[in-house]
Amino acid sequence: MDAVEAACGALRWVVRAAQPADGGLSWRETREPAVPDVDDLYSGTAGVLIAFAEARLSGIDEFDDAALAAVGRLESVAAASGADLLRRVRTADELSVEELGLYTGLAGHATALRMWAEAARDERAATAARGAIADLAAAATSGRTLSSWRDVIAGEAGILLTLLDLDCEPESASVLAERLVAGAVWTDGEPDWYAHPDISYLMPNFSHGAAGIGCALAAAGAALDRPDLIEVAQAAAHRLVRLGSRPDGTIAVPTRIPPKEGQASISYGWCHGPTGTLRLFEVLDHVHPGNGWRQHADSCRRAVRESGLPARLYPGFWDNLGQCCGTAGVGEMALDRYQESGDAGWLEWSGALADDVLSRSIADDDGVRWSHTEHRVSPPDLPPEVGWMQGAAGIAGWLLRLGRVRRDQSARRLPWPDQPRSTQGPALAR
């Protein structure tokens, strides 16, 4: 079974997990009984639609009917969420802390609709995406805090990146950027951020801390011609270099500060490791080339390559295969580097990672899926997940992209808000 064949098998398994819902079809985190439907990008419908966009971009139309049902669902959810958002802004009602975020809510709905629209040239989806982003922008310019979270996953950094990616009015981006700067915690002239006011420890990497928020501020600074925002992003990057520099010249920033007893101090994935953190250095290299940022990004990549993954070196090391915390996210990073540099070693490594993932697959008449491992429970194999960041949809998306890139180094990729387009390989035409 090759990568593309496995990806199609995985998407067939995902399609079989669909549930009828208002507007179309919705998805669940797993196919276990009594699991509720969820429509977000992390675990639910929005992430599944992105996987279908990867299939369409690969010339596969088998999943178009399911994709259109997902579009209908997200169009319905986004319209209802946007209307409710504007009503609560006008009446000063409390906003939910997560329902607007990039991976948890409306910003993610807009992102998925726009990705499908660009891959399939679907004007209905494009219109729905524009409507959702207009609602977010209007709420931002009202002065209301859109989320008590600050991070990329659920908070205002992810919303800011989404507004920038969909070309919102500058005022809304400025409001969010300034609020993020005001929320920084400074130590010796270097900023970091608590992901939420109720969280008492720092997670300085991409998903919840300085790397992701700094990336949003750097992108905003470049888009808005705001050198002050870029300066804050640079200060955050200097902090990460100081925290993560190791004697061998690699960079791997601690997962959390202070550390948690019994938890590994270093991770290597998109969320809490160098795979994601290097994105801040890449953005800064684009904004201010020649200041060492490219070398710092390379140091992050070396940390990942030399970590020993995907081998399970000890219980708890590299038990995840997904986009967020595991192999699929690392494989995407390797494809990024290959498309940027032409260095075939990165394509070969992404292929080797894919071989490992394929060897761990579950394949039967129902389709293809994967289980993550939790060594602290018995049995250790967790229920296979459906969605983008932890499940079959996200692994399939990476495998489909790998197939495209193997055919053509300049193969197009989907445009992600949290990987600003200036740093991506060939993207889709606007």
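Student: Which residues touch the most other members of the largest nonpolar core?
Tutor: Y103, L136 and L399 do, in a core of 148 residues. Keep in mind that this is a predicted model.

Student: What does Y103 touch, leaving out residues up to four places away in sequence?
Tutor: D40, L41, Y42, V152, I153, W270, M389, W416 and D418. Y103 also belongs to a cluster linked by ring pairs, together with F206, W270, W388 and W416.

Student: And how many aromatic pairs are there?
Tutor: The count is 11. One of them joins W27 and F52, edge-to-face, at 6.0 Å centre to centre with 65 degrees between the planes.

Student: Where do W27 and F52 lie?
Tutor: W27 is in strand β2 and F52 is in helix α2, so the pair ties together parts 25 residues apart in sequence.

Student: Are those two buried or exposed?
Tutor: Both W27 and F52 are buried.

Student: Which charged residue lies over the face of F206?
Tutor: R279, at 5.6 Å from the ring centre. Likewise, R305 lies over the face of W346, at 4.8 Å from the ring centre.

Student: New topic: α12. How many residues does it have?
Tutor: Helix α12 has 15, running over residues 327-341. From first C-alpha to last it reaches 21 Å, close to the 21 Å expected.

Student: Why is α12 called largely enclosed?
Tutor: Because 13 of its 15 residues are buried.

Student: What follows α12?
Tutor: G342 does, and its phi is positive, near 75 degrees.

Note on methods: Residues numbered from 1 in each chain as written. Predicted model: local features only at pLDDT ≥ 70, side-chain atom pairs only at ≥ 80, totals over all residues. Heavy atoms only, no water. Core = buried A, V, L, I, M, F, W, Y, C linked by side-chain atoms within 4.5 Å. Buried < 20%, exposed > 50% of the residue type's maximum accessible area, 1.4 Å probe, protein only. Contact = heavy atoms within 4.5 Å. Helix = DSSP H or I, 4+ residues; strand = E, 2+ residues; numbered from the N terminus. Expected span 1.5 Å × (residues − 1). Phe/Tyr/Trp six-rings, centres within 6.5 Å; stacked < 30°, edge-to-face > 60°. Lys NZ or Arg CZ within 6 Å of the ring centre and 35° of its normal.
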